[in-house]
Amino acid sequence: MTQDRLDDLIAQGEGPALEFKRGLTKDLGRELCAFANSAGGTLLIGISDLGRIVGVADHNRTKSRIRSVARSADPPIDVEIDAIDEVLRVTVPTQPHKPYSHGGRFFRRDGATSQQMSRGEIEDLFYAVGRLHFDRTPCPHFDIERDLDDAAWSRFSRRAKVPEGMDRIAALRILGLVDANRRTTHAGAWLMARDIRTITTSAHVTCALFLGRTKSRTLDRRDFHRNVPSIVGDVTAWILTKINVGLIVKSVRREERPELPEEALREAVANAVAHRDYRSPGNVQVHVFKDRVEIVSPGGLPAGMTKADLGAKSLPRNPLLFSMLYRMDVVEHIGSGIRRILDGCREHGVPEPVIDVSRQWVTVTFPRPDPDAPGLDWGPEREPETRLESGKKARGKDTEPESMDGRPEAEPNDKAAGVRTKSREGSLDRRVLELLVDGPRSKSAIARGLGHRSVSGGLNRVTRRLLRDGLVEYTLPEKPNSSRQQYRITPAGLRSLDQADS
């Protein structure tokens with residue numbers, strides 16, 4: 001350390017990362033521990049509180065005592081010591097094994113002083129640095145006997161690949177979702193809940209469609225709050241109903257192509273839900289604008305990760321939850337989410353998403369293609385709200401609205417017509433559900449059962465809506481675009497039919 005550097009430090013004055021000491025005191029361990037639990041700091045030994053140099057008489061003995069105190073911390077604290085004339089500088093670099101304690105107590109920097117941490121602050125620090133994982137802790141708000149009915153267990157066990165007939169408690173203990181005292185972990189509760197908000201109030205996902213490029217006007221808003229696997233599917237399906245779908249002619253058939261890759265959107269939603277900080281009061285948010293889709297997750301990056309690590313390193317904040325989502329085929333490969341998103345966008349021919357990282361949030365932004373640019377025919381599958389944005393193609397101007405079976409119809413212009421439209425939609429939903437009561441069907445088989453010659457845009461909207469509402473589900477949820485994909489009615493769909501008949 002040079003004299004000029006020492007003068008600069010003294011002139012800076014005490015603060016969160018700088019402390020003056022006349023000599024060694026019983027508080028030395030407290031100061032070292034407080035710096036170790038933050039981003040590090042510097043102690044100047046031989047400087048009065050007013051910044052006057054008083055010096056240290058025996059450098060070697062003082063250095064030995066400083067190192068001894070640093071080693072007595074739990075875990076030991078690494079320090080660097082150098083001198084300029086009579087002053088010793090003790091540097092505490094950023095430490096890798098937070099949190100640190102001294103004498104059984106934990107300390108933190110609060111401005112220019114070191115304070116003992118409360119129990120809550122200690123717990124927060126353990127979670128923040130990844131020494132504790134909230135998803136593994138017992139959940140007081142979920143009781144297996146009370147909250148896990150036969151329908152919920154059937155749905156969960158099928159997706160989690162639990163052998164048929166296996167005892168529930170035994171299976172959940174093997175998966176790590178129930179502890180030795182039969183308490184469900186938070187991960188287990190999030191995976192099996194009927195309404196995740198009863199477990200963690202901010203665990204739902206809020207989706208909003210905005211007019212134009214700002215949040216000045218909201219066209220549609222919806223919260224999704226079932227269990228985590230269902231939320232991922234529901235939110236992805238909602239996004240697909242709000243973006244454009246083009247039509248590609250292949251041989252004699254037409255194939256739908258969303259403007260953004262479905263698998264990339266699904267992976268981004270799954271990452272946001274799986275890696276978010278569930279102790280944060282914020283929730284995952286999805287914003288659809290005219291020019292972009294934003295997926296915002298609370299909590300920032302897990303401790304030990306930087307933006308440069310994304311796509312190259314996996315360090316899940318909720319490892320138990322994430323491993324179960326992998327087992328349930330909600331995520332494809334551990335550690336490959338970002339790479340799959342980027343590869344999916346490149347293969348789809350759209351720009352890669354922009355990933356913005358702050359201390360509290362991670363935002364993935366997918367730029368939307370210009371719907372009026374030359375290329376695919378976006379018309380038949382454009383949502384009404386999106387069409388209004390394009391001006392020339394707004395409903396009621398240059399296009400005719402379609403009925404639910406794909407045939408043009410007159411634009412409703414009064415309340416009665418609006419009621420009739422909703423009635424037709426509900427009728428088609430019911431007819432699809434009734435067809436699926438007899439067993440799973442492909443989309444083309446559903447169309448034939450309805451008396452249609454081919455799959456119409458209206459039927460596509462119906463199946464997306466039924467998936468979103470949890471009334472039907474994929475038979476191959478891990479491969480939503482498979483040519484062998486079929487749809488089957490869920491217990492919720494059966495209850496919906498029963499209620500309609502009562």
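## Ground rules and overall picture

Because the model is predicted, local features need pLDDT of at least 70 and side-chain atom pairs count only at pLDDT 80 or more, while totals for chains, interfaces and linings use all residues. Residues are numbered from 1 along each chain as its sequence is written, and side-chain values use heavy atoms, with hydrogens and water left out.

The protein chain has 17 helices and 17 strands; these are DSSP runs numbered from the N terminus, with helices being H or I of at least four residues and strands being E of at least two. Of its 502 residues, 49% count as buried, where buried means under 20% relative accessible area, exposed means over 50% and partly exposed lies in between (1.4 Å probe, protein chains only). Contact here means heavy atoms within 4.5 Å. Among contacts between residues at least 6 apart in sequence, 61% join residues at least 24 apart.

## Ile10 in helix H1

Helix H1 covers residues 3-12, and Ile10 lies in it. Ile10 counts as buried because its relative accessibility is 17%.

Which residues does Ile10 touch, leaving aside its neighbours within four places in sequence? The contacts are with Phe20, Leu44, Ile47, Gly51 and Ile53. For Ile53, 43 residues away along the chain, the C-alpha separation from Ile10 is 9.1 Å.

Strand S2 (residues 41-45) is largely enclosed by the rest of the structure, because five of its five residues are buried.

S2 has pairing partners of both senses. Two strands pair if DSSP finds at least two bridges between them. With strand S1 (residues 18-21), S2 pairs in the parallel sense over four bridges, and Leu18 stands opposite Thr42. From S1 the chain passes through helix H2 (residues 28-36) to reach S2, a β-α-β crossover that is right-handed; that is, with the strands pointing away from the viewer, the path from the first strand over the helix to the second runs clockwise. With strand S4 (residues 87-92), S2 pairs in the antiparallel sense over five bridges, and here Gly41 stands opposite Val92.

## A three-stranded open sheet

Further along, three strands form an open sheet in the order S5-S6-S7, with antiparallel pairing. S5 (101-102) and S7 (113-116) are the edge strands, each pairing on one side only. Strand S6 (residues 105-110) and S7 are joined by four bridges and run antiparallel. Within this pair, Arg109 stands opposite Ser114 in S7.

## Helices H10 and H12

Two packed helices are described by the angle between their axes and the distance between the axes. How do H10 (residues 262-275) and H12 (residues 337-348) compare on these terms? Their axes come within 8 Å and cross at roughly 155 degrees. Axes are lines fitted to C-alpha atoms, for helices over the stretch in contact, and angles run from 0 to 180 degrees between N-to-C directions.

H10 and H12 are therefore roughly antiparallel to each other: angles over 145 degrees count as such, with under 35 roughly parallel, 65 to 115 roughly perpendicular and the rest oblique. The crossing is left-handed, meaning that the near helix is turned anticlockwise from the far one by less than a right angle (clockwise would be right-handed). Glu263, Ala264, Glu267, Ala268 and Asn271 in H10 meet Gly337, Ile338, Arg340, Ile341 and Cys345 in H12.

Strand S13 (residues 292-298) is mostly covered, with seven of its seven residues buried. Arg292, Glu294, Val296 and Pro298 point one way, and Val293, Ile295 and Ser297 point the other way. Strand S12 (residues 284-288) pairs with S13 in the antiparallel sense over four bridges; a hairpin of three residues joins the two strands, and Gln285 has Val296 as its bridge partner.

S13 is also joined to S15 by seven bridges, and these strands run antiparallel. Pro367 in S15 is the bridge partner of Arg292. Thr365 lies in S15 (residues 361-367) and is buried, with a relative accessible area of 17%. Leaving aside its neighbours within four places in sequence, Thr365 is in contact with Arg292, Val293, Glu294, Pro353 and Val354.
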